[in-house]
Amino acid sequence: MHPAFSVIFLTTLIGVGQGLFLALFTAQSYAGFGLLHEQSSGFYALGSLLSLAFLGAGLVASFFHLGRPERAWRSATQWRTSWLSREVIVLPAFMGTVALYGLFHWLGWRPVLLTLPTGLPVDPTAILGVAGTVLAFALFVCTGMIYACLRFLREWHTPLTVINYTLFGGASGFTLAAGYAAVAGSDLAGFFAGWAMILTGLALVGRVASLIRNARLKPKSSLQSAIGVKHPKIVQKTQGSMGGSFNTREFFHGKSKTFLRAVKWLFLVCVFPVPLLLLAAGFTDGAGLPLLVAFGVQYLGLIAERWFFFAQANHPQNLYYQSIA
Amino acid sequence: MTQLALVIDLNVCVGCHACVTNCKEWNTSGPAGPMVDQNPYGKDPTGTFFNRVQTFEVGEFPNTETVHFPKSCLHCEDPPCVPVCPTGASYKRKEDGIVLVDYDKCIGCKYCSWACPYGVREFDEQQKVMKKCTLCVDRIYDPKMTEEERRPACVRACPTSARLFGDIHDPESEVSHAIREAGGYQLMAEWGTNPANHYLPRRKTKLRIRVDEIERADNPLKIDSQLPKPDTGAPALDDVTSW
Ligand code: SF4
Ligand code: SF4
């Protein structure tokens, strides 16, 4: 497939936003159970704002993918069948929840609404936090399923797609949370960095698993089944256009094998070992710089990862477009 | 239930592109249009087409065969392109099985083109919406046209009658007969899309005849004559009798 930067930015940016929100609420939950110090209300509010900024940027990027962005509202109508439509509904719902979560923290509006039998007090931010967590995971599932549900694109048609979208979002969000905490002077930098390392490690396992799986895929369709002629040797001579068509632009990445391999190694280095080392450095002393650099490198790596994710998918329609004439 | 479809006979198609031309002409002037071209006379001409004819060479020189292969939306009975559409712009009509795009609803997200394994949906660079074959839905029901004219533009244009049009759910229709009797098949059946359009394979008429069928008793080779066999040059019964 031809990797579109609008979609690359959409999926990576909202992943960061989701992960960052999950990090904030994880910290709040730990504090609720008395496992961590409670943070200032400003810490959560500013963190939510940062998460919103990433989600909003992703949303803006998505509009560049549309031919008719002014009609985008229509895309919320087919949630019964379309994962894309479901994503269109869940993303704003999640953004709204994050906004409310930040606002309630900012206003310090945390009256105890009820007390759980265990003696745990529940305030509005906790309820919003749980709702946001559910929506964050729902959004990961929607985004992943947009690709995983296309059975012809066999590189994507696997549960690993959804798992990896979730792990990458979580890893990059927690890495950003660690940098944010360090800059904000919070004592959570080490806590977030620890989780970021775990998630990055899990993402490594998931992505390597999908790379191995995809390397072993055998194409289901062939030129023989595409045109229905049983002969081992068929060569395309013309494809009905002289200067290419939508089909040659949308479904081919147009880069060499070497370039593809280079991008693969670039993301394997930038998403996993480099941030892991930097996170480990920040984990011990809570220094801001290595943690922020870790996020920067990992995010750039994720752009390469997403580019490769699209480029590697081989669409069966390509069988019909092998020679321009 | 009706399922309209095309049946394309690869044995007859000569690759003249008349269907492509007439399709573009009819549809660029109709509600689907304009189907605009970019750089039509420049270096890399490109544009929106519903139908394209491709050419494949089968075999190895000198035993090669040229196959011309017209390709348009197959109006699948289980179209994977329809459920993925987030706006409902892509839909399959209940009454006749035609898969259509509502150009006023489409947001141009291109997701449906990813979900079609055949690469027959084309994004219009000017109107910024997805386009595809409509089976000339604006022709085939037009009461102002004669019965003969109420067929898709490509079918009307084909000089070799390689394109048949009809209801494949009606067992007695011309297309059903063709599929049944001439080995009609579906493209990439492995994906379970159940395309309505069918293709008829290349066919060669071969006379399978055994030697003993040539050398019959009443033929000049006289294989069954009395022994010793007369020479093939010797007069036969037909040469000596006059009745
Ligand atoms: S050929 Fe493609 S566009 Fe046409 S109905 Fe089938 S899947 Fe949809
Ligand atoms: S491009 Fe148009 S028809 Fe295709 S999925 Fe998007 S909105 Fe639906």
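## Close-ups of chains A and B

**View 1. Polar contacts and a salt bridge link the two chains.** Between chain A and chain B, 38 residue pairs are in polar contact, both residues being at pLDDT 80 or more. (A polar contact is a pair of N or O atoms within 3.5 Å; within protein, one must be able to donate a hydrogen and the other to accept it, and residues adjacent in sequence count only if both atoms are side-chain atoms.) The count of salt bridges between these chains is one: the side chains of B:Glu125 and A:Arg249 meet at 3.8 Å, N to O. (For a salt bridge, a side-chain nitrogen of Lys or Arg lies within 4 Å of a carboxyl oxygen of Asp or Glu.)

A quick note on the model: it is predicted, so to speak of local features takes pLDDT of at least 70 and side-chain atom pairs count only at pLDDT 80 or more, while totals for chains, interfaces and linings use all residues. Residues are numbered from 1 along each chain as its sequence is written, chains are lettered from A and ligands numbered from 1 in the order in which they are written, and side-chain values use heavy atoms, leaving out hydrogens and water.

**View 2. Here is the interface between chain A and chain B.** On the chain A side, 61 residues are in contact with 54 residues of chain B (contact means heavy atoms within 4.5 Å). About 4700 Å² is buried between the chains, and carbon and sulfur atoms give 58% of that. (Buried area is the accessible area, with a 1.4 Å probe, that two parts lose on being put together, summed over both.) In chain A, the residues losing the most area to chain B are A:Phe152, A:Phe246 and A:Tyr320, together 14% of what that side buries.

**View 3. A strand from each chain pairs up.** Strand E3 of chain A and strand E4 (residues 51-60) of chain B run antiparallel, joined by four bridges. (Strands are DSSP runs of E, at least two residues, and helices are runs of H or I, at least four, numbered from the N terminus; two strands pair if DSSP finds at least two bridges between them.) Look for A:Gln236, which stands opposite B:Phe56.

**View 4. Three strands of chain B make an open sheet.** The order is E10-E1-E11, with mixed pairing. Strands E10 (163-167) and E11 (198-200) stand at the edges with a single partner strand each, so one side of each has no neighbour in the sheet. Strand E1 (residues 4-9) pairs with E11 in the parallel sense over three bridges, and B:Val7 stands opposite B:His198.
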